[in-house]
Every structure is written in C-alpha cells, then in structure tokens.
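Colleague: Please put the model up, and we can go through some of its helices and loops by question and answer.

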Amino acid sequence: MTQSSQRFLPLDVFRGMTVCFMIIVNTGGTGGTYWPLDHAPWHGWTPTDLVFPSFLFAVGNAMSFSMKKYEQLGNSAVLAKIFKRTFLIFLLGYLMYWFPFVEHTDAGLAFKPFSHTRVLGVLQRIALCYGIGSLLIHYLPKKGVWAVSALFLFGYWAILWFCGTPGDQYGIHGNAGLTLDKMILGDNHLYHGEGFAFDPEGILSTLPAVVNVIAGYYAGLFVQKHGRTQQGLLRMVAVGALLIILAYAWNTVFPINKKLWTSSYVLLTVGIDLILLSVLIQLIDMAGVTKGTGFFTVFGKNPLFLYLLSEVLAILFYFIRIGDQSLYQWINDQFFQSWSPGKFGSLLFSLTFMLLCWTVGFFLDKRKIYVRV
C-alpha cells in the first residue's frame with residue numbers, strides 16, 4: 001500500500017545497509033565465501049553477525065517515530081495494532097520457510113507436512129521482539145523498561161548457566177535454549193542447517209534480542225532531541241564505546257555468540273550500531289553528504305518486503321530443477337563460476353542477486369509504494 005510518513009534519511013540509510021548486506025550474506029554462491037560474509041562458527045563474531053541485530057536496532061529506531069501515535073489511542077486499539085502486526089510478520093516468516101509447500105521426491109512432488117516445518121526464524125524473531133518491545137515501551141515507564149531489559153540480559157545468562165548441561169552450558173548441544181526448544185517445539189520444527197536440530201532464533205534467546213529493539217527505540221528518541229548536535233553525537237559515540245568495552249569484559253565469562261544471542265553480544269552490537277548511526281548522522285545530516293545514499297534508501301524504505309522477496313526468490317531458485325541441479329546451482333556453475341571460479345564468482349552472484357532485489361525496490365520507490373505490514 002502507498003504511505004506518506006515522516007522519513008529520517010540516516011535511519012533509512014542505516015536500515016537499507018542492513019537489508020542490503022543481509023541479502024548478500026544469505027545468497028552466497030557455490031564457490032565458497034570470503035570470511036566477512038560468513039557467520040562465526042560459534043563464539044566470536046564477523047561483520048555478518050552484525051546484520052540481524054542491526055536490523056532489530058533499526059526496528060526500534062523506527063518505533064521511536066511511529067509509537068507516538070499510540071499515545072492518542074485507547075488501550076484496545078493499541079493492543080490490536082501491536083498484536084496484529086506481530087502476528088502478520090510471524091506468519092509471513094513461518095509461511096516463507098514452508099514455501100513452496102511441496103518438495104521433490106523420487107516419486108515426484110510431495111506435500112511438505114506441517115510436522116516437518118520450521119516454526120521460528122528471522123522474521124519470527126523480528127515479530128516477537130517488536131511485539132514484546134512495543135508492549136514494554138507503551139505500558140511501562142522508561143526506568144521500568146530498562147529494568148526489564150537488564151532482567152532479560154542477566155536472567156538469560158543465569159538460565160543458560162544454571163539450566164544448561166554442566167561443563168557445556170554455552171555449547172551448541174548443551175545450552176538450555178536448545179533443551180527448551182526441543183521440549184516445546186520438537187526436533188522436526190527446528191532449524192537443521194548445522195546438520196542437526198538447533199535453532200539460532202530459538203525461544204529463550206529471543207529475550208536478550210528484545211533489548212536490541214529497545215536500545216534502538218531509545219536511541220531514536222535521543223536522536224530526535226539531541227542527535228543533530230555535535231554534543232549529542234559525541235554522547236552516542238561515548239555510550240557506544242562504553243558498551244563495546246563492557247561487552248568484551250563480559251565476554252570473559254559469557255562469550256560473545258550470535259547463535260546463542262548472548263547478553264555480551266547484545267552489548268557489542270548495540271554499541272557498534274550507536275557508533276555507526278552517529279557516523280551516518282554526522283555525514284548525512286551535519287556534513288550534508290547525501291550522494292550515494294539513494295542506493296541504500298531503496299532498501300530502507302521497503303525493508304521487510306525486499307527481505308521477504310529475496311528469501312522467496314532464493315527458495316524458488318533452489319526449488320526449480322534443471323536436470324539434476326537446482327536453478328541456483330545451475331546459474332552459479334554456468335555463469336558465475338565459469339567466469340570467475342571460486343569465492344569471487346560467488347561474490348558476483350551475491351551482488352547480482354542483491355541488485356535484482358534492489359531493482360524491484362527502485363521501481364516501488366519511484367511509484368511511492370511502500371509496503372508495510
């Protein structure tokens with residue numbers, strides 16, 4: 001649907017950068033990938049591990065503009081808006097993983113049963129973090145929201161330590177989050193990308209991820225009041241640097257880990273996001289450097305739609321068969337790997353795929369069409 005809403009250019013660029021990079025890292029070619037485009041195997045982080053939390057941070061930034069409208073609404077209207085949006089985003093994520101609802105078998109196409117569908121995932125985590133964060137922000141005072149955020153971070157640490165497998169509390173097989181997911185969802189409803197049941201967007205690790213949204217929200221409020229001044233930007237950078245220092249201090253006892261979404265990882269990513277957003281505001285708003293920003297705002301104005309489009313296209317590329325290969329494999333082998341074998345050819349494919357999604361976003365933006373859930 002077409003919308004006319006207040007736009008904040010640095011936020012659109014920030015959000016667009018995260019979506020752009022997210023599409024690139026999610027659609028690696030068949031010749032291997034360079035290390036910045038891979039997730040850390042377990043503890044530690046790479047640039048790729050900053051993408052998802054940065055998107056959640058941007059969701060919080062956007063909420064700092066949109067939730068002002070909730071103050072004029074009644075309680076039932078607020079709850080209806082929050083729960084409706086949470087449900088729709090969660091449903092889109094769930095259906096995306098189930099799509100195209102059939103799979104190839106020796107006997108031909110067969111329906112993919114509900115019993116073997118992944119329930120949680122990226123959009124589902126965005127939905128839950130948005131929903132929980134919105135409820136906390138709307139119904140609690142600021143100090144209450146920060147108190148709950150601290151409870152999420154320290155409580156999550158305590159649960160992993162005391163409820164995980166002794167000696168392997170932060171391991172991929174021994175963490176308490178996996179135990180909870182298996183208990184509630186079962187193995188068949190979890191992600192199997194590691195070769196076994198383990199969901200990096202599990203139930204328990206959603207709690208610390210909510211803090212990324214909350215931090216983005218209050219950062220957005222701060223930017224609206226003080227962010228366009230040198231003093232305000234310096235304060236944001238100082239807080240960001242402090243959070244990074246605290247993250248590495250916490251890392252000594254609670255490792256930075258994206259797949260567990262550890263509390264130290266939350267501090268690290270929020271700190272980096274504060275500094276990155278400050279740099280963008282300095283360049284775009286303060287110095288007036290807007291050349292080239294249009295590329296990223298195409299993604300930033302339709303972030304959820306273009307991310308969903310990229311995932312659905314990739315799923316179709318894997319589903320469509322050419323001989324005994326998927327279309328995804330065939331395109332890579334026949335074109336990109338034949339032109340440039342190895343990692344560079346894979347990167348060219350990722351960039352081409354991203355530009356395909358960008359082109360769709362460009363035409364939507366030209367027609368002032370911004371798809372919102």
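Colleague: How far apart are the end C-alpha atoms of helix α13, residues 343-366?
Modeller: Keep in mind that this is a predicted model. Helix α13 has 24 residues, and at 1.5 Å a residue they should span 34 Å. The distance between its end C-alpha atoms agrees with that, being 34 Å.

Colleague: Which elements do the buried residues of α13 pack against?
Modeller: A residue counts as buried when its relative accessible area is under 20%. In α13 the buried residues include G345, F349, F353, C357, W358 and L364. The buried residues of this helix pack against α1 (9-26), α10 (293-301), α11 and α12 (327-339).

Colleague: What phi does K368 take, just after α13?
Modeller: K368 is in the segment after α13. K368 is not a glycine, although its phi is positive. The value is about 55°.

Colleague: Is α11 largely enclosed by the rest of the structure or largely open?
Modeller: Helix α11 covers residues 303-319, and its 17 residues should span 24 Å at 1.5 Å a residue; the end C-alpha atoms are 24 Å apart, which agrees. Among its buried residues are P303, L304, Y307, E311, I315 and F319. Twelve of the 17 residues are buried, so α11 is largely enclosed.

Colleague: Where is the kink in α12 centred?
Modeller: From its first C-alpha to its last, α12 reaches 17 Å, close to the 18 Å expected for its 13 residues at 1.5 Å a residue. The helix has a kink of about 40°. That kink is centred on D333.

Colleague: What covers the buried residues of α12?
Modeller: The buried residues of α12 are L327, Y328, I331, N332, F336 and Q337. Their cover includes α11, β3 (321-322), β4 (325-326) and α13.

Colleague: Which residues does G32 touch, not counting those up to four places away in sequence?
Modeller: G32 is found in the loop between α1 and α2 (51-66). With a relative accessible area of 30%, G32 is partly exposed. G32 and F353 are 321 residues apart in sequence, yet their C-alpha atoms are 16 Å apart in space. Contact means heavy atoms within 4.5 Å, and the residues that G32 touches are K343 and S346.

Colleague: Is F101 buried or partly exposed?
Modeller: F101 has its place in the loop between α3 and β1. F101 has a positive phi of about 75° although it is not a glycine. Its relative accessibility is 29%, and buried would require under 20%. Therefore F101 counts as partly exposed.

Colleague: What is the area of the nonpolar surface patch made by F87, L91 and L95?
Modeller: L91 lies in helix α3, residues 75-98. L91 has a relative accessible area of 32%, so it is partly exposed. In an α-helix there are 3.6 residues a turn, so residues three or four places apart point the same way. The patch made by F87, L91 and L95 has an area of about 250 Å².

Note on methods
Residues are numbered from 1 along each chain as its sequence is written. This is a predicted model: local features need pLDDT of at least 70, side-chain atom pairs count only at pLDDT 80 or more; totals for chains, interfaces and linings use all residues. Side-chain values use heavy atoms; hydrogens and water are left out. Patches are made of residues with over 30% relative accessible area and no salt bridge: like charges are joined within 9 Å, nonpolar side chains (Val, Leu, Ile, Met, Phe, Trp, Tyr) within 5 Å. Accessible areas come from the Shrake-Rupley method with a 1.4 Å probe; for residues, only the protein chains shown count as cover. A salt bridge is a side-chain nitrogen of Lys or Arg within 4 Å of a carboxyl oxygen of Asp or Glu. Helices (H or I, at least four residues) and strands (E, at least two) are DSSP runs, numbered from the N terminus. Buried means under 20% relative accessible area, exposed over 50%, partly exposed in between (1.4 Å probe, protein chains only). The expected span of a helix is 1.5 Å times one less than its number of residues. The bend at a residue is the angle between axes fitted to the seven residues ending there and the seven starting there.
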